[in-house]
Amino acid sequence: MTSLKEEQFLSLLLRLHHSGPGYPPFEQSGVTPAQFAYLDCLHHTPHSTLQELADQLQLTPASASNAVKQLEQSGLVLRAANQDDGRSYLFSLSPQGITVHAQIADYRRQKAHELLARLDEEEQGLFLRLFQQLLTPAS
């Protein structure tokens, strides 16, 4: 049975997800939030192998392979031969992928700024510490 606090927490998460003007960059680009995780990973670590992507995203190589293939077919990701290992490829954002990533990242930063601006400095610090605590695995 779900407690009242759990229900309230889930309701707040849903409201957070839907706060602001929606997801125009996602809708315009056709990129899902899950696909954005791949674009973001490649933005921060270009020329990654499939295994490196899978490790960074904590996924199996098979799952990463399917997602990267879709992004490649969409023209957002480029594949190049790995000169150090002829059995693997290196993946990077295409020019279109760079543009889409920038649009979505800018939107997300703006949304975070607008939400955090509702709190004063002390409240922001407390909120971020509590949120980090929630996301830190229990030992």
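1. **Starting point: Q58.** At 74% relative accessibility, Q58 counts as exposed. The classes are these: buried means under 20% relative accessible area, exposed means over 50%, and partly exposed is in between, with a 1.4 Å probe and protein chains only. Q58 sits in the loop between α4 and α5. Its phi is near 55 degrees, a positive value in a residue other than glycine.

2. **Basis of the model.** This is a predicted model: local features need pLDDT of at least 70, side-chain atom pairs count only at pLDDT 80 or more, and totals for chains, interfaces and linings use all residues. Residues are numbered from 1 along each chain as its sequence is written, and side-chain values use heavy atoms, with hydrogens and water left out.

3. H47 is not a glycine, yet it has a positive phi of about 60 degrees. Most residues other than glycine have a negative phi. H47 lies in the loop between α3 (33–44) and α4 (50–57). With a relative accessible area of 53%, H47 is exposed.

4. **Elements.** How many helices and strands does the chain have? There are 7 helices and 2 strands. Both kinds are DSSP runs, numbered from the N terminus: helices are H or I with at least four residues, strands are E with at least two. From the N terminus on, the order is α-α-α-α-α-β-β-α-α.

5. **Overall dimensions.** The chain has a radius of gyration of 18 Å, whereas a compact globule of 139 residues would have one near 14 Å. The radius is taken over C-alpha atoms, and the globule rule is 2.2 Å times the number of residues to the power 0.38. Along its principal axes, the C-alpha trace spans about 55 × 35 × 30 Å.

6. **Burial and surface.** Of the 139 residues in the chain, 24% are buried. The chain exposes about 10,000 Å². Carbon and sulfur atoms supply 56% of that area. Accessible areas come from the Shrake-Rupley method with a 1.4 Å probe; for residues, only the protein chains shown count as cover.

7. **Charges.** The chain has 10 positive and 15 negative side chains. The centres of the two sets lie 4 Å apart. Lys and Arg count as positive, Asp and Glu as negative; His and the chain ends are not counted. The place of a charge is NZ of Lys, CZ of Arg, CG of Asp or CD of Glu.

8. **The aromatic pair.** The structure holds 1 aromatic pair. The ring centres of F127 and F131 are 5.6 Å apart and their planes are at 20 degrees, so the pair is stacked. Rings of Phe, Tyr and Trp (its six-membered ring) pair if their centres lie within 6.5 Å; planes under 30 degrees apart are stacked, over 60 edge-to-face, and the rest tilted. Why are F127 and F131 separated by about one helical turn? Because they are 4 residues apart in helix α7 (residues 121–135). F127 is partly exposed, with a relative accessible area of 38%. F131 is partly exposed too, at 33%.

9. **Helix α7 again: L126.** L126 is also placed in helix α7. With a relative accessible area of 43%, L126 is partly exposed. L126 and V100 are 26 residues apart along the chain, and 33 Å separates their C-alpha atoms.

10. **Two alanines, α3 and α5.** A37 is in helix α3, and A67 is in helix α5 (residues 61–73). A37 is partly exposed at 31% relative accessible area, whereas A67 is buried at 12% relative accessibility. A67 and Q35 are 32 residues apart in sequence and 7.0 Å apart in space, C-alpha to C-alpha.

11. Is A105 buried or exposed? A105 is buried, with a relative accessible area of 7%. It belongs to helix α6 (residues 95–116). A105 and A54 are 51 residues apart in sequence; C-alpha to C-alpha, they are 21 Å apart in space.
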